[in-house]
Structure formats: structure tokens, C-alpha cells
Amino acid sequence: MKLLVGLNKKDFSLYLNYTNSFIIGLKDFSINYTEFSLKEIKEIREKYPNCEIFVSLNKNIFNKDLEELEKILLFLDEIKINGILFYDLSILSISKKHHLSIPLIWGQEHMTTNYNTCNYYLNKGCSYVYLSSEITKDEIEEIKCRSKVRLISFLFGYPDVSFSKRKLLTNYFLYHNEKMNQKEYEIISDDQKYLIQENNLGTRILHKEILNGIKPFHDLMNILDYAILSEEFIEHEVFMEVLKTFYEFMNHLINEDEAFNKIKELTGSDNTGFYYKKTIYKVKDEK
Amino acid sequence: MKNKIELLSPAGDLDRLKIACLYGADAVYIGGRDYSLRANAQNFSIEEIKEGCIFAHNLGKKVYLTLNIVFHNEDIDGVYDYIKKVVDAGIDAFIVSDLFLVHYIKESFSVEVHLSTQDSTTNVESVKYLQKEGIDRVVLAREVGRDDIKKIIDETGMDIECFIHGAMCTFYSGRCVLSNYFTNRDSNRGGCAQICRFNFTLLDKPFTMAVKDLNMSYLIREMIDIGVKSLKIEGRMRSSYYLATVLSSYRTIIDNYYNGTLNNEIITRENKILSRISNRDNSTHFFDHEADITDQYYSGRWEISNQDYLGIVVDYDQKTKLCTINQRNYFKVGDTIEIFTPNRDHFLYKVEELYNEKMEKVDKANHAEETLHFYIDHDLPLYSMIRRYYE
């Protein structure tokens, strides 16, 4: 397993002691990860030829985006990016049309939940799938047994929860005739906290409990190909300590408990997400 | 004349399927007891699906079955047997969201496969891809506007289905798991707890992201003109009265359009009826504008309870003129009530006398679901509806 870092700083060299795999966003086409321009992506590709660079193009694509999207895909293919994480099927369609060699990662983040659909996308030419954060470790193990597709999972950071095309914060502040002067806000209900952030593509909600994925990292060490660690909304110094901890744990320099507790100390979180907690399907079973 | 657009209704159970068919739906979509995104609706057993299909087919209507959960491993094993059983029961199409099912269904059976709005399809290229995969119809994302819908239809020729009425999601369908995090109920497997309608605080002030309902009654003309194939009403949990009312209104608008008699007076009248049945404000959301400040709520309680529904006709004796109803809300002798029927007959009636189950005279209907009788010289088909009349 490799550590795939969603970084805040655009300077890759800051992270190279611990990983050389990165996932980044592209301006106007990504709803998470730090946004780079095409020019910047080309520059880092040239500057760091030994790094793996994955680009997340996970916005919902509308007709007006298609022309630009086609150019982007051709460009990223040409500069030999290591993979494109996609949500919208247009990316698969365009990629097939142009016989692009760029590896594709099926990344409909909450819908990548079973081995059959993983196999479907594998057969359609996807090299990887980015698993839903809402499935369990056991489900991931079964997917691995029944599919040859390479697996990526989210193991550290604030988990994505929802995405809307609506400008929920702009509307709220307009309604209250107030200024929106923060990049993100916290919303609370029943003591549950969420981060809410808006950009030109819409509004995004994240769970405000950091996923401390050391335990699933250990359990899925031989199953996952990449573990995503996201720096988003986390102080750089804290994230670097987290990254170092994952690195040390992966290289057997510290044990699982030490790693887990260190991340808990750094972030205040012992949240293992849904890796060991199955979601309820039916509230009342009527069979 | 071009092919008439389809009016597609939800149906949470067999009774509502029958009511939907009688009140003007061209097709209904239902959920089985497994694999459907409304896990807590009553839903249909295989026998009920069979009965529903026979009822609908006899009236020339179609039945679509939702199979639109996002599958987990544990859901897969039984699904193939289930698909065979419901095909045998007579369904006309499946509504799926997980693409692994498409090839199996298309290769094994001669039924249509529609792609659920859960997949948030928003552009021409995606639709072309789905076309190649054998999908017969795409239910577009509710975020797609008029121009994009038209372009998709013009450039792909795909059958396109769009929502026209009912509750809206705040987030892209399939792209929201608030329910999972908040209640551990799986949003994408039928457990959505509608967290987007909860009250939150932001900087210690009330914050809500709840959105208004969809109402496209004024834009049906345009939807027909741009070539939409099917107009979909949201709500498999909705009541019989709701379905009868909404279907009657949209049926009236659609039929008048094709007869060349649709005018703003008719639309305004039907829109008033639709507004009465709704417990939230309405908007057209993304069809004709980018959803904005006017399309959502910001604080407080916004849902109003509706007590217009007074009863449903369960029997009418043509010889004695005795009408039997099942009561739903309070009314009394002396009230003028409004009756509408599956034949789109619609009239006012003043309640002169009212009898209970034992044919004893009563002066008011104040027990929910009570059987009541009154005499009326007007042939009333089964499932005729009674609502409160406002002058």
C-alpha cells in the first residue's frame, strides 16, 4: 500500500520524505483537493518525474463543460499523469473515444460499494476504484476477493458527506444581509458538527470528525493499493506529523497502538468511520 | 400528432397504484420489498406486483419497478432471482442506479432499463455512454436546466424523464450521505432520514438548508415542446389523496395542451389546487434558473399540515343513491364539500344529512377513518375523493 496525499501546499518537496504519491484538484473541475491549473500540473509533472500524480476531476459535468473537459483529458494524457479520478461518466466516454492511455479511477465517492460494480468499471477500462467511505473493512476484503481492480480508500482527514449545486452559504448570508467572510463554516445539530464550504461549483459538507484510519490501515495493508490522507482543513504542521506517523507505522518503526494514539493526540480523534460500523439498510424489516 | 408525453406517478402500495392509474397516470413506479430506495414505504410483495401489473395493463398503463439502491456486497446474491420473479410478475421496466445490473437484465429479459436520477446524469456525453450500455431511458439529475435537457434530447435521441412535482433533495442525488453520518441509516439504500431538513446552527444562529418543493405546472408546455418523454411525480410515501389531486391537475394540463385548449386560466386554476395540497412552498428550481436564495428556507418551521382531505368513496349504490365514504378529516352537516372523481368529474355538494355505520344520523364527521354515509344523486365511482371547499 502507498500513501496518497491530498496536500494543502503546492510544494511537493515538503512531503517527499514520506511519500511520492499525490492527488490534486484541477481548477473548476474538482470539488475537493487543492486546485492546480493545467500549467502548474505540467510544471510539477516535469519537476517531479518520479512522483505519482493523480488528478481528481470529480465535479458533476454539464454540457457547457464538455469541450473544455475533452481538451483537459487530452492534455493530461499527453503529460502522462498517473491517473484521473472521475465522478461523471462523460470522462469514461471521452477517454474511450480518444483511446487515452491515462489510467482511470472510478470515484463516485458514495456509490463505490460492491464487487460487481467494481468489476463493471474494471471491464470498462478503469484501473482503480476509489471506495466509498461508508463501507466496512469486511466489505472491502470481499471486494478484494472478488475483483481484480486496484483499490483506493480514504484513511485520514475530514470525510466528504454531501455536495450540492446550490450556493447554500451565499443564500444564507444574503438572506440575513450579512457578509460571508470565512472560507468555511461549522454547522451544528444535535451536537453533531459538520464543515460547510462553498465555491463556484456549489456547496460541500464534510463531517467534522477527523477519520483516524490507523486501524483499518493496518487491517487492509495487503488489500488496498493506496490510502488517501487528506490535509484539507488541517494545519500543515499537524498533517506532517500525521503523515510521518502513517509512514513510520507502515515501515514498522512504531506499532499500531502507538500510531493510533499519536494521531488521536494530534487530532483529538479516535473516529474509525464506517470501517467497523455497518450502516442500517432498513429501519423496519417488513419481510 | 406527436406521441403524448407520459405522466409517471409513484405508488407506495397496491391501493395507491390503482388510484394513480385511475386518476390519469400513464405509468406508475413502485418499489418491491427489497432493493428500493424507499425502504420504509409499505412497498409491494411479488403477488402484489403481479396484481398491480394486471390492473395497470388492463387500463393500458405501465408499471416500473425501482431497483435503485446502491448495492453492497450483501445485496447482490438474491437480486438475480428477484429480478426474474418481478419480470414474471409483469413489470415493464426497471429503474436502476447500479450499472452492473444493466447487462444482466438486457441480456436475460425483454424489459426496459431506466437509469435512476440517483446517478445524477447531467450531460450529452454521459447519456451517449449509457445509450451504448443499453439503457432505454435516463432520469436526469434534478439540477439539469431546460437548455441542457433539450441539448441532451436533440443530440442523443434518448428517452428522457424529468421530475415535475414534489420534494427536492438539497444535494445531488447519490452525492449525499448525511443520513449515514447523522443516524447511521444508509442514504443510498433507502434509509435517508432527510437530515437536510433538520435545523442547524451556524455562528450560533439558526441555519437550514431545506429546499422548497418542485412544481412545474406552468412549464409543462415547454417540457413537452423540448421533447421530454416522461414527467415524473415524486413521492412513494405520499397519500392516495395527494396522488389523486396532483395527477388530476397534471392530467388536465397535459390533455388540454394536446387538445390545443391549454391557457393560463387553466394552469392557474390547477396550480391553486396543487398549492393547496402542498405542505411547503413551491419553486421550479433548476429548470428555468440556477437555484437561488428564493428556493430554500432559512429558519423556523415551514411545513403546514393539510386537512383538506375529507374522505374517499368506498361504495356507491346506484339504486338507493347511498354513498359510503371512509372519513379522513373533520366536516359537518351543512358544509359544502368538493367531490372529484377518477373520470375528472368535479362538483360541489352541500351535506344535508350524514349517517354513521349503523345508519344512525350524525351531525359531524369527527372520527378518523370512520365509515359514513350520505345520499347523493350523482354516480360516484370507487376512489372518488372528497375535499374541503373554500369559496
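## Strand pairing across the chains

Strand E10 of chain A, residues 184-189, is joined to E8(B) by two bridges. The two strands run antiparallel. One pairing can be named: A:Ile187 has B:Leu202 as its bridge partner in E8(B). The model is a predicted one.

## The A-B interface

The contact between the chains involves 51 residues of chain A and 54 residues of chain B.

By residue class, the side of chain B that touches chain A holds 25 nonpolar, 17 polar and twelve charged residues.

## Domains of chain A

Chain A is assigned two domains. Domain 1 is made of two segments, 2-159 and 209-267. Domain 2 covers 160-208. Over C-alpha atoms, the centres of domain 1 and domain 2 of chain A are separated by 24 Å.

Where these domains of chain A meet, domain 1 contributes nine residues and domain 2 contributes eleven. The domain 1 side of this contact in chain A divides into four nonpolar, four charged and one polar.

How values were computed. Residues are numbered from 1 along each chain as its sequence is written. Chains are lettered from A and ligands numbered from 1 in the order in which they are written. This is a predicted model: local features need pLDDT of at least 70, side-chain atom pairs count only at pLDDT 80 or more; totals for chains, interfaces and linings use all residues. Two residues are in contact if their C-beta atoms, placed from the backbone, lie within 7 Å. Ala, Val, Leu, Ile, Met, Phe, Trp, Tyr, Cys and Pro count as nonpolar, Asp, Glu, Lys and Arg as charged, and the others, Gly among them, as polar. Two strands pair if DSSP finds at least two bridges between them. Helices (H or I, at least four residues) and strands (E, at least two) are DSSP runs, numbered from the N terminus. Domain bounds come from an automatic or database domain assignment.
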